[in-house]
2 protein chains.
Amino acid sequence: MTRHDCLARDASDPLAPLRHRFALERSDEQGVIYLDGNSLGVPPAVTADRVRQVVEDEWGVGLIRSWNSAGWIRLSQRIGDKIARLVGAGPGELIVADSTSVNLFKILSAAIAIAKADSPERRHIVSERSNFPSDLYIADTLARAHGLALTLVDEDEVSGHIDDGLAILLLTHVNYRTGRMHRMAEVTRAAHAAGALMIWDLAHSAGAMPVRLDGGGAIEAAADFAVGCGYKYLNGGPGAPAFAWAHPRHTARMDREAWRQPLSGWLGHAAPFEFTADYKPGMGMTRFICGTPPILSLAALECGVETVLAAEDHGGLAAIRHKSIALTELFIELVESRCAGHGLALASPRDADERGSHVAFAHPTDGYAVMQALIARGVIGDFRAPDILRFGFTPLYTRFVDVWDAADRLHGALASGEWRESRFSVRAAVT
Amino acid sequence: MTRHDCLARDASDPLAPLRHRFALERSDEQGVIYLDGNSLGVPPAVTADRVRQVVEDEWGVGLIRSWNSAGWIRLSQRIGDKIARLVGAGPGELIVADSTSVNLFKILSAAIAIAKADSPERRHIVSERSNFPSDLYIADTLARAHGLALTLVDEDEVSGHIDDGLAILLLTHVNYRTGRMHRMAEVTRAAHAAGALMIWDLAHSAGAMPVRLDGGGAIEAAADFAVGCGYKYLNGGPGAPAFAWAHPRHTARMDREAWRQPLSGWLGHAAPFEFTADYKPGMGMTRFICGTPPILSLAALECGVETVLAAEDHGGLAAIRHKSIALTELFIELVESRCAGHGLALASPRDADERGSHVAFAHPTDGYAVMQALIARGVIGDFRAPDILRFGFTPLYTRFVDVWDAADRLHGALASGEWRESRFSVRAAVT
């Protein structure tokens, strides 16, 4: 494998025509290779103009009328329907609102209500100790409030905790640090076979690979609830609103029982513009909307989601996943061959079937400084304490030649020893 | 009073030089008079360019680095400090995040925790039946969850419910329908004298008048908690993030007791980038941040807040309030004199001291259709069920001549009888 081979692979990449949909000209001019789309996706090329249009025309000219005339009032649902196509969900099943953490609070509250009603003897919410901390913080709060136990286990202990004490299994599909990916259908089936509910956090998978929340038609493999993030592989912009999904069997029951989620804000009301003093939850997923959503950020999110939907004519999520595996395999191969002897150890699964779209290497002593030195050489990944260098690969815009060049520069940063310079060890607020 | 007199008042208005800070050229060209800034403020002239800069430069070029280099990670606090100057709060006391409803959920949870600890015998949360419904929905949910009673009373019954059963008094400073304004210091003193906590919703007052959450230095008149909205008189854009404030005596106690608010998301953690599995609340108001905030919408909000801060060199909030009273007095006078006999009845307090910056008239049978006919004549107010025509006056951009012309067109719409045409009675989703 040579750099020339990488260029040849780019030339025959069916997704290559989609790269122009991203505003990468200035990064390309600066020689920047961006391998952090798993943390914050690159802006779509149309986003700046679209947001300007929202500010100048919809807000500036339409003013308050745009809640109707520009469709703002249905934007949460409209974008939700688009994301639904990316995660194996149906129209009306998914809404966009708030942050992932706030959505998990709502969704987990729903799951707890169901678990307490159907199997009050089950006392455990199980998650992974290595799950994204915000999920654990929210789960801990709700477990305490409802007299349940949040049990945190290592990833290889999850299956051993799927038993008749399990109320809810809460997992992130792809681990934010290591990139380890759960077998979603298999785990969901196991949870259901044990009588538990299954919640998936799709933060690091929505837009990066095929996801079937509906179990691909197999009811036992259909998840119960899900949340996910808008600013990673969905390219929605910094802090883009997040999404929430519930299986229709649960929303149908919520409708029958007029169940209200705790963040009972006015836009989740059955008739918000009647301004009644009594709360009556909206039908289906509408109840999971709370306050007025941030329209500018929603408009940007819609542009981001469209970049992934545009792949439908180029092989879709299957092609994205195919290229993702090729990119991560190549990166692992190049780093292990070219950077051998510099202390890096693969912290992601070696088996591509168990890995998402990012790759983690551990550095025993100075991961932070090595990443800073690499960033100074124009390769942007990130560091996750205590020892992880993290590299994300977004098949819509990451090229094979980027992988080659990134590994080459990583070798340069390591071999030069420049990462030992004090300028690379000063920590910024966000790393 | 003639139209010429109104033009003269505009010519001598000390706030007139600030109107160019708003993107009103196209509305002016179209002859649109916008009297709905109490629902959605007009875009500042700089917002479109600022948001473009965030998308193209901070997000597009800075990419993930902008969390540090562009200061995104402190944006909630930076804008919070600016809003604090408008509501009588100090630096570090106010944060911007989420929606007003979500913030009320956090803040009211804090108040309930304090009330239960200090005076468990108090069982009542009191609010007004006519408060904005979302506040009541959130309060109802939390009251149920904590075994308290939400008692809703008419506005003239509030003082009668300030007694030794009162745990928390939750009021909106200016009523969203009628514009009735509470005497904030007086009500707060009464609540405190009775041993209760005082929460203010500043949705219809922040940016429209002087507000002293700190009681102007008198501890008995200092509020306990507050929330407010970014997209009304703060001109932050549709669905702009909202704000939350707690008195420093309460955050100091939360710090001592390591109290966690229920929406325990990662950015409210004491050290979010250590990614620990255990939640440890951040100090002070930081704990009230939850998930990652929507940066594009925050950037627009900051532009909006700056338009109000710009008034500091033109008499500040006192001048804004002075003009607000003059505008609303003029509108009431003109409507009552020119539209007499058409069934409109003032639904706002006649005494300016008891009125915020919007004016409501009730129409006995056809308020919706009358408002639609008026909008067709280029005057944008709104309708609030069942019978209220609502007109908001934003002193930073509403002119005296606008008031004259609006009343003139309202008279035209009523006198022509065109509001009886069926085209004006078809309801849109949002009215």
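**View 1. The open sheet of chain A in this predicted model.** Let's begin with the seven strands of this open sheet, which follow the order 2-8-7-6-5-3-4 in chain A, and their pairing is mixed. At the edges stand strand 2 (94–97) and strand 4 (149–153) of chain A; each has a single partner strand, so one side of each is left without a neighbour in the sheet. From one strand to the next, the twist averages 20°.

**View 2. Strands 5 and 6 of chain A, with helix 8 lying across them.** Here you can follow strand 5 (residues 166–172) of chain A, which runs parallel to strand 6 (residues 197–201) of chain A and is joined to strand 6 by five bridges. Helix 8 (residues 184–193) of chain A lies across both strand 5 and strand 6, and runs at about 150° to strand 6 of chain A.

**View 3. Where chain A meets chain B.** In this view, 73 residues of chain A are in contact with 73 residues of chain B. Several elements of chain A give two or more residues to the side that touches chain B, among them helix 2 (25–29), helix 6 (100–118), helix 7 (133–145), helix 10 (295–309) and strand 12 (382–384). Helix 3 of chain A provides the largest share of this side, with nine residues.

Definitions and conventions:
Residues numbered from 1 in each chain as written. Chains lettered and ligands numbered in written order. Predicted model: local features only at pLDDT ≥ 70, side-chain atom pairs only at ≥ 80, totals over all residues. Contact = placed C-beta atoms within 7 Å. Helix = DSSP H or I, 4+ residues; strand = E, 2+ residues; numbered from the N terminus. Pairing = 2+ DSSP bridges. Axes fitted to C-alpha atoms, helices over the stretch in contact; angles between N-to-C directions.
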